[in-house]
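Trainee: I have a new structure to learn today, could you walk me through it?
Mentor: Gladly, let us open it and take your questions one at a time.

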Amino acid sequence: MEKLFLQICSMGLVSGYVILVVLLVRLALRRFPKRYSYLLWGIVFFRLICPVGIKSDISLVPKCFFNVQQETTEELTPETRMESPAENREGLKEPQEILSKNNVKIVQKDNNTPIQKYNPKNHIVKPKDLSKKFISVLCAAWLAGIAGVWSVWARSIYRLKKMLLGAVKVEEGVYETKRVSSSFVFGFIHPVIYLAHGLPASAKNYILCHERVHIYRRDYMVKAAALFITSIYWFHPLVWLAYRKMVCDMEMSCDEQVVEKLGKNIKKEYSRTLLQMAVKSEQAEVLTAFGGNEVKQRVKNILNYQKP
């Protein structure tokens, strides 16, 4: 498990540079449709799960940090044996002493067979390296963090499921409930749209169009996968930043497709609906909610958007 943790750290460090590059490219593409920025984040999240990189003598990852080296005693070949001082019997010629690299005396007999002279100072068994114990502690903290993040999300989804009990079916794949204040897509295999109760007809039309674009593009799957990867790198602030920016680009690209479908004359009314639905809720973090992510930036993008 420690080896996996070190691999995650290595991939996270390299991916941090990739995230910074994508942020710069995203800034250069700010006047382009957000679908391009949205696609860029695929490079980041692919790098976060792909351990294979281009091998080079120049590495972004310091080898001394990730290569845990363990000191072991030198293994002797079958042709060598340990000799204690008591083994120098009378009648044998005094061997010639040669100093090895490890300051261990090597004696040479007449038959040219090397014998390693016993030196207790050079064969003391050393304790485990402290860095290995430190890495084990960090690995345990990493696993505990993942379990904590997953438990929070599982509790949020469980509470949301309870809130959605009793929702009224409006049409195929669309439900309405009084117990939520935002509209969103819920479900992984069979996604369903949940609408807040009492929406005006025009607002309901915009929201349904928006959420159906999410379903068509499988954005709910993309967000779930990105969220899972982010939970593995919960200790990495740049990964959390990448996740939030990816979600923002996802929503803005979806808004642009709604404008393309319904016409540019809906921009103001669509933006007004978006502002009215702007709520911060738990489900907005794990679901594709209509008004839960970077609303001001989305409104500005909608009003400035020009169909290419």
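Predicted model: local features only at pLDDT ≥ 70, side-chain atom pairs only at ≥ 80, totals over all residues.

Trainee: Where is E176 found, and is E176 buried or exposed?
Mentor: E176 is found in strand 6, residues 174–177, and it is buried, with a relative accessible area of 16%. Buried means under 20% relative accessible area, exposed over 50%, and partly exposed in between, with a 1.4 Å probe and protein chains only. Helices (H or I, at least four residues) and strands (E, at least two) are DSSP runs, numbered from the N terminus.

Trainee: Which residues is E176 in contact with, leaving aside its neighbours within four places in sequence?
Mentor: Leaving those neighbours aside, E176 is in contact with A167, V168, V170, L195, A196, H197, G198 and K204, where contact means heavy atoms within 4.5 Å.

Trainee: OK, zooming out, how many helices and strands are in the chain?
Mentor: The chain has 10 helices and 9 strands, and buried residues make up 38% of its 308 residues.

Trainee: And which residues have the most contacts inside the largest nonpolar core?
Mentor: They are W41, V44, F45, L48, W142, Y233 and M246, in a core of 30 residues. A nonpolar core is a set of buried Ala, Val, Leu, Ile, Met, Phe, Trp, Tyr and Cys residues joined through side-chain atoms within 4.5 Å. The elements that give two or more residues to this core are helix 1, helix 2 (34–49), helix 4 (130–164), helix 6 (219–232) and helix 7, and the largest share, 7 residues, comes from helix 1.

Trainee: Why would such residues sit together?
Mentor: In soluble globular proteins, nonpolar side chains tend to be buried together.

Trainee: How do helix 1 and helix 7 pack?
Mentor: Helix 1 (residues 2–28) and helix 7 (residues 237–262) pack at an angle of about 35°, with their axes 10 Å apart. Axes are lines fitted to C-alpha atoms, for helices over the stretch in contact, and angles run from 0 to 180 degrees between N-to-C directions. The residues making this contact include G16, I19 and L20 of helix 1 and L238, V239 and L241 of helix 7.

Trainee: New topic, what about the phi of R218?
Mentor: Phi of R218 is near 60°, a positive value in a residue other than glycine. R218 lies in the loop between helix 5 (201–217) and helix 6, and is partly exposed, with a relative accessible area of 42%. For background, most residues other than glycine have a negative phi.

Trainee: And D219, is it buried or exposed?
Mentor: D219, whose place is in helix 6, is buried, with a relative accessible area of 1%. D219 and C254 are 35 residues apart in sequence and 9.4 Å apart in space, C-alpha to C-alpha.

Technical notes. Residues numbered from 1 in each chain as written. Heavy atoms only, no water.
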